[in-house]
Amino acid sequence: DFKHLSELKGLKELFVSGGDYSDMRMVNLEEISCISGLEYLGLHEFGYVDLRPLKKMPQLKDFLCGWADKVDNYDSISALKNLKNFLENVYPK
């Protein structure tokens, strides 16, 4: 539940790890999409990640999607017009 993080308007960096639980799903990412100052987002060790909320986060400069079993909506990354660094590792299935 990220809705309380959306109140942190000065937040610049956020790294979230599922802790290597293969069945853990990254959900409600859209709740942080309103943090206009967020420049770095890291999502690490999740079973499933939906990248659609990235379309509302064009200010991101760095994005990490590491060690996820399944990632959907890769096309959302194209909305990240200020992206300077992108790192992605996905377990092959």
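Does R52 count as buried, partly exposed or exposed, and at what relative accessibility? R52 comes out as partly exposed, at 47% relative accessibility (buried means under 20% relative accessible area, exposed over 50%, partly exposed in between, with a 1.4 Å probe and protein chains only). Before going further, note that this is a predicted model, where local features need pLDDT of at least 70, side-chain atom pairs count only at pLDDT 80 or more, and totals for chains, interfaces and linings use all residues. Residues are numbered from 1 along each chain as its sequence is written, and side-chain values use heavy atoms, with hydrogens and water left out.

**Overall build**

- The protein chain has 0 helices and 5 strands, running β-β-β-β-β from the N terminus on (helices are DSSP runs of H or I with at least four residues, strands are runs of E with at least two, and numbering starts at the N terminus).
- The radius of gyration is 12 Å, close to the 12 Å that the globule rule gives for 93 residues, so the chain is as compact as a globular protein of that length (the radius is taken over C-alpha atoms, and the rule is 2.2 Å times the number of residues to the power 0.38).
- Along its principal axes, the C-alpha trace spans about 35 × 25 × 15 Å.
- Buried residues make up 42% of the 93 residues.
- The accessible surface is about 5,400 Å², and 51% of that belongs to carbon and sulfur atoms (areas come from the Shrake-Rupley method with a 1.4 Å probe; for residues, only the protein chains shown count as cover).
- Of the contacts with a separation of 6 or more, 41% are between residues 24 or more positions apart (contact means heavy atoms within 4.5 Å).

**Salt bridges**

- Searching the whole structure turns up 3 salt bridges (a side-chain nitrogen of Lys or Arg within 4 Å of a carboxyl oxygen of Asp or Glu).
- One of them pairs K61 with E39, with the closest N and O atoms 3.9 Å apart. K61 sits in the loop between β3 (40-50) and β4 (62-72) and E39 in the loop between β2 (25-26) and β3, so this pair ties together parts that are 22 residues apart in sequence.
- Both ends of that pair are partly exposed: K61 at 31% relative accessibility and E39 at 28%.
- R52 meets D50 in a salt bridge at 2.5 Å, N to O; D50 is buried, at 13% relative accessible area.
- D72 bridges to K70, with the closest N and O atoms 3.8 Å apart. D72 is partly exposed at 23%, and K70 is partly exposed at 44%.

**Cysteines**

- The whole-structure search finds 0 disulfides (a pair of cysteine sulfur atoms within 2.5 Å).
- C34 is partly exposed at 42% relative accessible area, while C65 is buried at 1%.

- The largest nonpolar core holds 23 residues, and I32, L41 and L54 touch the most other members (a core is a set of buried Ala, Val, Leu, Ile, Met, Phe, Trp, Tyr and Cys residues joined through side-chain atoms within 4.5 Å). Strands β1 (13-17), β3 and β4 each supply at least two residues of this core.
- Not counting residues up to four places away in sequence, L41 touches L14, L29, I32, L54, M57, L60, D62, F63 and L64.
- H44 lies in strand β3 and is buried, at 19% relative accessible area.
- Leaving aside neighbours within four places in sequence, H44 is in contact with F15, V16, S17, G18, G19, G66 and W67.
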